[in-house]
Amino acid sequence: MFLYNLTLQRATGISFAIHGNFSGTKQQEIVVSRGKILELLRPDPNTGKVHTLLTVEVFGVIRSLMAFRLTGGTKDYIVVGSDSGRIVILEYQPSKNMFEKIHQETFGKSGCRRIVPGQFLAVDPKGRAVMISAIEKQKLVYILNRDAAARLTISSPLEAHKANTLVYHVVGVDVGFENPMFACLEMDYEEADNDPTGEAAANTQQTLTFYELDLGLNHVVRKYSEPLEEHGNFLITVPGGSDGPSGVLICSENYITYKNFGDQPDIRCPIPRRRNDLDDPERGMIFVCSATHKTKSMFFFLAQTEQGDIFKITLETDEDMVTEIRLKYFDTVPVAAAMCVLKTGFLFVASEFGNHYLYQIAHLGDDDEEPEFSSAMPLEEGDTFFFQPRPLKNLVLVDELDSLSPILFCQIADLANEDTPQLYVACGRGPRSSLRVLRHGLEVSEMAVSELPGNPNAVWTVRRHIEDEFDAYIIVSFVNATLVLSIGETVEEVTDSGFLGTTPTLSCSLLGDDALVQVYPDGIRHIRADKRVNEWKTPGKKTIVKCAVNQRQVVIALTGGELVYFEMDPNGVLLRTVLDPVTGDLSDTRTRYLGSRPVKLFRVRMQGQEAVLAMSSRSWLSYSYQSRFHLTPLSYETLEFASGFASEQCPEGIVAISTNTLRILALEKLGAVFNQVAFPLQYTPRKFVIHPESNNLIIIETDHNAYTEATKAQRKQQMAEEMVEAAGEDERELAAEMAAAFLNENLPESIFGAPKAGNGQWASVIRVMNPIQGNTLDLVQLEQNEAAFSVAVCRFSNTGEDWYVLVGVAKDLILNPRSVAGGFVYTYKLVNNGEKLEFLHKTPVEEVPAAIAPFQGRVLIGVGKLLRVYDLGKKKLLRKCENKHIANYISGIQTIGHRVIVSDVQESFIWVRYKRNENQLIIFADDTYPRWVTTASLLDYDTVAGADKFGNICVVRLPPNTNDEVDEDPTGNKALWDRGLLNGASQKAEVIMNYHVGETVLSLQKTTLIPGGSESLVYTTLSGGIGILVPFTSHEDHDFFQHVEMHLRSEHPPLCGRDHLSFRSYYFPVKNVIDGDLCEQFNSMEPNKQKNVSEELDRTPPEVSKKLEDIRTRYAF
């Protein structure tokens, strides 16, 4: 079996974001990394919409990303630290729309290793040097310069190694044009390592170390080092030279500290806390990310805490000495992995989980009532300032980028009866979780919808002059009339346009530079700019049935099959000739089934390029996006006729008719494969099952470090009472008012975050949801510290037709060091046609029930490492049988016939046979490799596909001679209960395929994605990616793609210097899988390289592209 891997939806989680002028123009862009993908985004300064310019898979792990610009330059370069053991410098080429690799310097082994640099990058703010550092020991500095032709040059590396030292963060210090300097948060563990008593380890302090690159002597010196009081988590560079005081801000637990060389005293300020916070009061507070904004006259920092609150930080200086740090609460946005402040006044927030946002900074928060906190204010050690969080005041949301990251579970089914299956995706974390329904298609935004006096049959838009930016008229044709609408601020009917209104129209358009032409059944009307009209009438009784018009020519077909051709002469007069049909050659045809009606085609413009709108029973848009050809359906009702539309409000729209309405539509999310509808959830969704009769979803949501609603209310009440009690006699009334206000205040947790309850605190709900409307039909809140981990919907053979929902729950689970007080299996009966859960009973078990599966009218439950069969009883579930020989912990159960395939958290798959007569579960086979299985899917009776937490997918098959009629112990010497675990099962499974996806896969399902398509294995990843593995149907195809992959590996190596073959073989050698993502990069290669590769394959470039497209459209989109 050979498989082909295709990505349908690239990962959407962002790990790094940097901004700069990468295309060399005045406009600022953002470069983001999404794990193994580099992407260039451009926010439109007028509309605020974020457009993706370029997306590249780099087939390696991007570990750090920095923008830098040479002194006096106007263009930013991108430095990438990855797992390739190389430092790579990229330049964006706007003309070719590609990243060009300018430098690639090798310094170490590949892979994410402790002592090979790549984890941290820092640039000298003046762009003279860059430091790349490992987590431990090694640091390298490269000097950057230009040669005579103004090309970027890079020196050989200078070492700044220090053994036994851990690095937490590195930044370049802004020292103007002095020798470049880098600041490092380090910890020396040498003494701690050599001291057996553990005393040194307890006293080890973090240090702030400055490294200076001496440009004269060409080497790096450790200039200065000092121990820190608090443990720092990251550094912020303070502008220096002529722009500011230089130095660094150290963000640490509960404090932010300013440090610099020389006589500068340390200035430290506590991080303000939320007033009346429900968080665990012992919990420290840290800043998690920051952004710097610098103009000629001032600078400030925006730093975000782990609750999402952003503070504006400014420094007060006296000459060159910093005298105080000032913090002011700015706004609260979801917790970010990275933030960028752009020159155009936008703030880009790359969220840790969930959607990303672009905000406009409307106010700098200088002149509002918000209190400003300062390091100069007197405070007791250990005290802090308090502020009141509030809805957005300084920021305005202008765009939202959908992100599925993290996808925790997914099922594919056609629950809405639409022929094409929908993807039901449980994603997000905590209060920002959602259940999203994905459908293949472009999202359509309605700009305007208006009713018309009847059912029109066509619509066109025309400009007055060829140079005009926007359209002037919309012409709507009915069976016996034509309506002309003029476009301005609003769209209104006009009668003086020169068009004939008493007849239907066949076509109209701009002719020449400024004349209009209207073709109607009885003739052609040519309207000049000064409103003079020429008419050509059809001869005799003939009428025009079809026509085609461009800027200079008109061709009409008359009844009786006669073709008449007109063209404009230089004076702008139409000439007429009669045309004979002539044959023309067309090549490279590609066909796609669009729907059940005849297809109509319309020219429209999308992102400045020509595109084609094709209409059948569904509407499709065919467009080119990032050098690939896309044909995507619109997620919208059936349209009958359309035309491109441009106005000030909507520069690239479509005007279309559907029954008796005229609609103006815009397609903003080009390149998106799915459009999505999101329904909010309360906690992180873990799993869901579909009730087969009502199609309702039963979802379990569980959060660690969280309070249930009941505990939250109780905590609030308790705090309100304490507020009143703490007040003195004369302040009682005021305190009571404050307490009441505190109880009434309800900030939405999806923005302000949920209170963190502390370790070992869990909150869970069980939700029944209608997947079409997204409304919750029933919600069961579990007690505090009960965590739901598994769910199943099943019938029991002894209770007839009733459906039951079983939920496995852990009690008082502490993750590290692991301990659990036991667990329960809650049993509910589904009533009201699957809309309500009726509690039956709960069954205590001794470990976490992490997997439940229906099995032959009973149920299999994995309790810790015990595999058990239970049946339904009156007071609880009754244990019927168990197997104690699974190695660690059962994470999943699949069943087929009498076989049970158990996935172990660490030891891959174990095949178990249930013997009905002896009532025994007997292990008869297992896998030879350790795999940390996250999810599995059965492909057939002998084959199972699985994924592990390191990002690999494998397919494992039992050999044909496997015997599952194994007796437990044929000799009878050993009793059943003390059999050795050590040697595992006697029969071993074979590995059919191995493949490293590079993102943790959390769901696998064998399904068909398009009506009439073939089956594929669909996987979803933690980073929000969706991909498929499809089998090759012929040897010829497999052979062809194997050669394409081979040629691309040599001709088009990955951008960041990682070897493609070794990336796909990160943990296990890649076996029997061809990487379609690499093959599809054929389309973005340079034309001469495409030609070379296709000649090697005995084909032409269009034929290779066509093969790539065919395999995609056969299984998916």
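Modeller: The predicted model holds 71 salt bridges, a salt bridge being a side-chain nitrogen of Lys or Arg within 4 Å of a carboxyl oxygen of Asp or Glu. Because the model is predicted, local features need pLDDT of at least 70 and side-chain atom pairs count only at pLDDT 80 or more, while totals for chains, interfaces and linings use all residues. Residues are numbered from 1 along each chain as its sequence is written, and side-chain values use heavy atoms, with hydrogens and water left out.

One of these salt bridges joins E230 to R268, with 2.4 Å between the closest N and O atoms. E230 sits in the loop between β18 (219–227) and β19 (232–237), and R268 in strand β22 (residues 267–270), so the pair ties together parts that are 38 residues apart in sequence. Strands (E, at least two residues) and helices (H or I, at least four) are DSSP runs, numbered from the N terminus. R268 is partly exposed, at 29% relative accessibility; buried means under 20% relative accessible area, exposed over 50%, and partly exposed in between (1.4 Å probe, protein chains only).

R274 and D309 form a salt bridge as well, at 2.8 Å from N to O. This pair links distant parts of the chain, since R274 belongs to strand β23 (residues 273–274) and D309 to strand β26 (residues 309–318), 35 residues apart. R274 counts as buried at 9% relative accessibility, and D309 is buried with a relative accessible area of 0%.

A further salt bridge brings K328 and D368 together at 3.1 Å, N to O. Again distant parts are linked: K328 is in strand β27 (residues 321–332), D368 is in the loop between β30 (356–361) and β31 (372–374), and 40 residues separate them. K328 is buried at 8% relative accessibility, and D368 counts as buried at 18%. Elsewhere, salt bridges connect E846, R868, R879, E882 and K884 in a network.

Helix α4 (residues 732–744) has 13 residues and spans 18 Å from its first C-alpha to its last, close to the expected 18 Å; the expected span is 1.5 Å times one less than the number of residues. Its buried residues are A735, A739 and F742. Seen down the axis of α4, they fall within an arc of 60°, so they line one face of the helix; the arc is that of the directions from the helix axis to the C-beta atoms. An α-helix has 3.6 residues a turn, so residues three or four places apart point the same way. The buried residues of α4 pack against α3 (709–726), where contact means heavy atoms within 4.5 Å. The face turned away from the buried side carries the exposed residues E733, L734, E737 and N744.

In helix α9 (residues 1087–1096), Q1090, V1093 and S1094 are buried. These residues cover an arc of only 95° around the axis, which puts them on the same side of α9. Among the elements that cover them are α6 (1035–1051) and α10 (1101–1115). Just after α9, D1098 has a positive phi of about 60°.

Backbone geometry deserves a word of its own. Most residues other than glycine have a negative phi, and most peptide bonds are trans. N705, however, has a positive phi near 65°; N705 lies in the loop between β59 (697–704) and α3 and is partly exposed at 21% relative accessibility. Q856 also has a positive phi, about 50°; Q856 lies in the loop between β66 (849–855) and β67 (858–863). The peptide bond between S405 and P406 is cis, with omega about -5°, and P406 is in the loop between β33 (395–401) and β34 (407–413). Another cis peptide bond runs from N816 to P817, with omega near -10°.

Finally, F688 is in strand β58 (residues 685–690) and counts as buried at 1% relative accessibility. F688 and V425 are 263 residues apart in sequence, yet their C-alpha atoms are 9.6 Å apart in space. Leaving aside residues up to four places away in sequence, F688 touches several residues, including F409, Y424, L697 and V791.
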